[in-house]
Amino acid sequence: MTGPVKPSAETTGVKAGSILTRHDGDFTITKDGTTLTNLDIHGFVFVKAKNVTISNCIVRGREALGYPLGLITDYGYQGLLITDTTIEPEFPSVEFDGIKGYGFTARRVHVIGGVDSVKIQGSNTVVEDSLLENTNYYANDPQQGGTPTHNDNIQIQNGQNLRVTGNTIRGATNFAVLGAAALGDTNLVVDGNWLDGGHCTVKLQIASTWAETAQVTNNKFGPNRAVSSCPFTAYPAVNLTQSGNTFELTGGIVSPLIKIS
């Protein structure tokens, strides 16, 4: 079920009244158990160690480096916890996502901007009690062959044990949640969120011969999307469990449109 409090700018991100120490430059973390706390980071964070914590920070990145990356990037170093942290590019670019990789928990984070707010590319990844909003659209994206960006709040390319729970997710032009199964088998839970925006708001699809199992339950869908009749769509090959999804304004039942792949 959706939680008692809808996540907002007041309940996510760096805590109000915090005194932060400015840090200019990137962090490349190679020591297990490292903690970053109460920092205003004008640079990127590259996690290359286990059980790292980023707490009560602002992560802004810097100028683009010439290739795609996250303001925070973790390619599978397990145990990363990002909590009470604001993630917003100081120099917005078509190259930037908010958080990118896998093996992390993002809790009470506020991600503003980026091409994707969160890009999940592997297992054991959780996004909970957070606010993801207002991705950055670009008419020319080299990653899309020069066509416009495909802006998703959460893009899931593959992974097992993936959980998206209790978040406010809005303001993307493509999808609020895209379960793409583009790089491998995917097992996903989307439960108790407030979801809005996108072309359709939630899309579950399968690429190549990969498999996807998804539980989509107890979410509230807002009124804003390009296709008003498409809050939720899924390919028939997705092993889908869904119930308790409603429209936030009317309380009406949301049923998935089954898209023929």
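Predicted model: local features only at pLDDT ≥ 70, side-chain atom pairs only at ≥ 80, totals over all residues.

Reader: What is the angle about the S-S bond, and is the link right-handed or left-handed?

Author: The angle is 100° about the S-S bond, and the link of cysteine 200 and cysteine 230 is right-handed. Cysteine 200 lies in the loop between strand S19 (194-195) and S20, while cysteine 230 lies in the loop between strand S22 (220-221) and strand S23 (232-234), so the pair ties together parts that are 30 residues apart in sequence.

Reader: Does cysteine 200 count as buried or exposed?

Author: Cysteine 200 has 7% relative accessibility and counts as buried, because the cut-off for buried is under 20%. Cysteine 230, at 6%, also counts as buried.

Reader: Turning to the strands, how many residues of S17 are buried?

Author: Five of the five residues of strand S17 (residues 175-179) are buried, so the strand is largely enclosed by the rest of the structure.

Reader: Which strands are joined to S17 by bridges?

Author: Four bridges join S15 to S17, and these two run parallel. Three bridges join S17 to strand S20 (residues 202-204), again in parallel. Valine 177 in S17 is the bridge partner of isoleucine 154, and valine 177 also stands opposite valine 202 in S20.

Reader: Where is phenylalanine 44 found?

Author: Phenylalanine 44 is in the loop between strand S4 (39-42) and strand S5 (45-47). At 0% relative accessibility, phenylalanine 44 counts as buried. Leaving out residues up to four places away in sequence, phenylalanine 44 touches, among others, Asp26, Phe27, Arg62, Leu65 and Phe96.

Reader: Now the largest pocket: how much space lies in it?

Author: About 330 Å³ of space lies in the largest pocket.

Reader: Which residues lie nearest its centre?

Author: Asp116, Lys119, Gln143, Gln144 and Gln155 lie nearest the centre, out of 22 residues that line the largest pocket. By class, the lining has eight nonpolar, seven polar and seven charged residues.

Reader: Which strands supply at least two residues of that lining?

Author: Strand S10 (96-107) and strand S15 (152-165) each supply at least two residues. S15 is also joined to S17 by four bridges.

Note on methods
Residues numbered from 1 in each chain as written. Heavy atoms only, no water. 1 Å grid on protein atoms, 1.4 Å probe; cavity = no way out; pocket = protein on both sides within 12 Å on 5 of 7 lines; lining within 4 Å. Points joined across faces, edges and corners; volume = space filled by probe spheres on them. Nonpolar A, V, L, I, M, F, W, Y, C, P; charged D, E, K, R; others polar. Buried < 20%, exposed > 50% of the residue type's maximum accessible area, 1.4 Å probe, protein only. Pairing = 2+ DSSP bridges. Contact = heavy atoms within 4.5 Å. Disulfide = S-S within 2.5 Å.
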